[in-house]
Amino acid sequence: MRSTRYTLFLLLVGCLCASNGTAQSVTISADTIIQKVTQVMNPAQSKGKMQMTIVTTSKKTRTFVYLAYSKNHGEKTLMKYLQPSRVKGQSILMLNNADDIWIYFPRTRRVRKLATHAKKQKMEGSDFSYEDMGAGDAFIEEFKSRLLGEGKKQDRLCYKLELTRMAESTSGYSKLVMWVDKENFVPLVIDYYHDDDSTLLEKELVLSDIKVIDKIPTPMQMVMYNRLDRTQTSMEFLEVSYKVNLEDDLFTERGMKK
Amino acid sequence: MKRLFGVSLLSLVLITRLSAQEVDIFGYFEPQFTVIYLDQNYYQLQSNKLRVDLKSNPDENIEFGANFDWLVYHGKREWSFWDFIPKEVTSSVDPYRKARYRFTYDDRSFLDNAYLRFTCPSFDLMVGKQQISLGTGYAWNPTDIFNVKDLTDPTYEQPGHNAARIDWPLRNGFAILALYSPESTWENSGKLLRLKGRWRHFDFSVIGSETEWTLTDYNYPYYNLASFHRRRLLGGDCVGELLGLGVWAEGAYNFVKDSKDFWELVVGGDYTFDSELYLMLEFYHHSLAKSDYRQYDLNDWLRFFHQEQKSITRDQVCWLAQYPLTDLLKIGGSALISLSDGSIAFIPTVLYSLHENLELTLIGNINVGKEGKAYGSNQGHSLLLRSRVYF
């Protein structure tokens, strides 16, 4: 369940990044790096407008636009769809670092609570599952990290980390390999390995176009490549702000319907 | 009807013209084609539905929402419930009464929902015609006194109900809902009070409601004799997770004045596999329904068809499976299985996303039970093709 945390929403909504740090010493430990990544990826609050574009196996595209809100360093998140008309008004609420998820369907005014297993379902047919959209501290809570070395991604010097799933973890991925920008601790590439086979690359997330917004470095573009299905889903920020004061009432059933 | 349609359309155009800057307009168009195989004959029924939604926020704390529906039918519009009732039952009824059980798919245009919602600091007040969704069950909702779901398509939108409701959020995920649905008198109006809460990863609610329940005697010699009973319901529901499975339960006891009390219970569970195969199983019990199919009589069948009673068979399950064959194509199906009489209805479904705002849906309905049972083959089989384009 808590595998949710490591992927996107942080990266997405909330994202990102903080710290205007300087280049770190090569002696930095893997645990320290992953703590900084977690810190960077979980701003206190955020509000953004995002566009998600899915490229299907038949090369058709599906585009969604939604508002995304995040509070308590990603512990609470809310997404509200604006486009297309088919899903307009639909909203998804995640509390307790995505351990609890509800979906609101405006045409029936019905709220449905999702169990953990339902988080494996693709969100609107994208390459992101509900699980992927969660937020929190999963990199720390669910995985044991190891520094493999250094390398270059997108012409940036990066730490290369391997995150192995802990025995008690319920994450849907057996292993992650992550390239973290040495300067600002933004992960630039994350490889996700299959649940049952730690040598089988399932998905690859690439984060790019990093801009500093409200003093927080933010990857404006994220693309998830599904290496097994040969599909991809991109997400980009149309608007984002971290200087917001979101009411707790927004992250309730009432807030979903409003 | 045409005049009404014209007036409605004109009103809509005027509204949208006058306040196009402030009113959000959306909706869908839904043509539907159904083939029915009944008593060795094939029939066709087509419908075209246009739904136009309006939404506006004149103020930050005020929301206006409405939708108009236009529905036109073609093909075989005249039907009789008589044709769906086992011959063993109808053979003992005077044939001249057959005319009483006819129904027609008439063209309709109507205001389905129209409401105002006021958001106050500590509560929301919503007045007007509005959808009311109650309960955690998928196919059946014992606590819902306002709606009865179509078992072949339980997630289809329900009609609006005239009501005033207050949603009052409390602390820690708790909330109170108070609802009043006015009819001609206080006594026959709908009243509802619900306390909703959260415990660990479970949501639960306790509900009490009162309404007037119409029960018709279709066996009365001269006409269908309706009687009205005060129905008081006490029930509750919960939804959460147990041993990795999604689980829910919903139950209600009904105190009925001058008629039999009854109770309903739903228990369900679901699971999604790594392959994204989704499986669901839901059990439903209705104490007023009969357990021996040989006792189903004319009133049982017609009360079920008219949705006065949610089930004709006492114990049954709904089994559902869904699987995304591709990223745009989802196949699945459900089976309604009467545990009381052993009959089964299969409902295969296919959902294809042709465009991001255009969906195609195929729904079959195959009754394989012995004639006279809840899902007897004498009720025929059908295939429905629906396309829906959103705007």
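Begin by selecting helix 3 of chain B together with helix 2 (87–90) and strand 11 (202–217) of chain B, which are among the elements that cover the buried residues of helix 3. Cover here rests on contact, meaning that the C-beta atoms of two residues, placed from the backbone, lie within 7 Å. Helices (H or I, at least four residues) and strands (E, at least two) are DSSP runs, numbered from the N terminus. The model is predicted: local features need pLDDT of at least 70, side-chain atom pairs count only at pLDDT 80 or more, and totals for chains, interfaces and linings use all residues. Residues are numbered from 1 along each chain as its sequence is written, and chains are lettered from A in the order in which they are written.

Next, within helix 3 (residues 298–305), select Asp300(B), Trp301(B), Leu302(B) and Arg303(B), which are buried. A residue is buried if 20 or more other C-beta atoms lie within 10 Å of its own, with C-beta atoms placed from the backbone. Just after this helix, select Gln307(B), which takes a positive phi of about 65°.

Now turn to where the two chains meet. Chain B gives 28 residues to the contact and chain A gives 27 residues. On the side of chain B that touches chain A, strand 8 (161–169), strand 12 (225–242), strand 13 (245–256) and strand 14 (262–272) each supply at least two residues.

Finally, display each chain whole. Chain B has three helices and 20 strands, and 27% of its 391 residues are buried. Chain A has four helices and 13 strands, and buried residues make up 52% of its 258 residues.

Note on methods: Buried ≥ 20, exposed ≤ 12 C-beta atoms within 10 Å, placed from the backbone.
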